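Here's a quick briefing to read with the model open beside you.

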Amino acid sequence: MQEIAGKPQQNAFIESFNGSLRDELLNEEIFDTLDDARRKLALWRYDYNAVRPHSSLNNKTPQQARRALEQFEGSAPGALAPDGEAEYPDPTCRLSL
């Protein structure tokens, strides 16, 4: 079996994401149970993917960047993923902390 090897500088996006996850969630929270860890991760992931601005998107939230792209002339209407509810947080999961 061939392993995929790489140096951190070869995938800066993943290294940046891992650093954010570690600094903002893993180093800050205490997880009581596996379900508690899943719930807190779902909340963090929703915030990271939908709410907070990203410098790579000109300090827009992903939702704002998506709207701007959809309004840009010449963009292919079917090129983006469907704009439905995010798969996380899980609707059966209570999201209050």
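This is a predicted model: local features need pLDDT of at least 70, side-chain atom pairs count only at pLDDT 80 or more; totals for chains, interfaces and linings use all residues.

Residues are numbered from 1 along each chain as its sequence is written, and side-chain values use heavy atoms, with hydrogens and water left out.

**Overall makeup**

- The protein has three helices and zero strands, where helices are DSSP runs of H or I with at least four residues, strands are runs of E with at least two, and numbering starts from the N terminus.
- Reading from the N terminus, the elements go α-α-α.
- Of the 97 residues, 18% are buried (buried is under 20% relative accessible area, exposed is over 50%, partly exposed is in between, with a 1.4 Å probe and protein chains only).
- Take the contacts (heavy atoms within 4.5 Å) between residues at least 6 apart in sequence: 31% of them join residues at least 24 apart.

**How α1 meets α2**

- Two packed helices are described by the angle between their axes and the distance between the axes.
- Helix α1 (residues 12-26) and helix α2 (residues 34-51) have axes that come within 12 Å and cross at roughly 125°; axes are lines fitted to C-alpha atoms, for helices over the stretch in contact, with angles from 0 to 180 degrees between N-to-C directions.
- The two helices are therefore oblique to each other (under 35 degrees is roughly parallel, over 145 roughly antiparallel, 65 to 115 roughly perpendicular, and the rest oblique).
- On the α1 side, F17, S20, L21, E24 and L25 make the contact, and on the α2 side K40, L41, W44 and Y48 do.
- Sorted by type, the residues of this contact are six nonpolar, one polar and two charged.

**D36, a buried residue in α2**

- D36 sits in helix α2 and is buried, with a relative accessible area of 10%.
- A polar atom of the D36 side chain lies 3.0 Å from the backbone nitrogen of D32.
- Neighbours within four places in sequence aside, D36 touches I30 and F31.

- Most residues other than glycine have a negative phi.
- N58 has a positive phi of about 55°, and N59 also has a positive phi of about 55°.
- N58 is in the loop between α2 and α3 (62-71), and N59 is in the loop between α2 and α3.
- N58 is exposed at 66% relative accessible area, and N59 is exposed at 57%.

Terms used
Ala, Val, Leu, Ile, Met, Phe, Trp, Tyr, Cys and Pro count as nonpolar, Asp, Glu, Lys and Arg as charged, and the others, Gly among them, as polar. A polar contact is a pair of N or O atoms within 3.5 Å; within protein, one must be able to donate a hydrogen and the other to accept it, and residues adjacent in sequence count only if both atoms are side-chain atoms.
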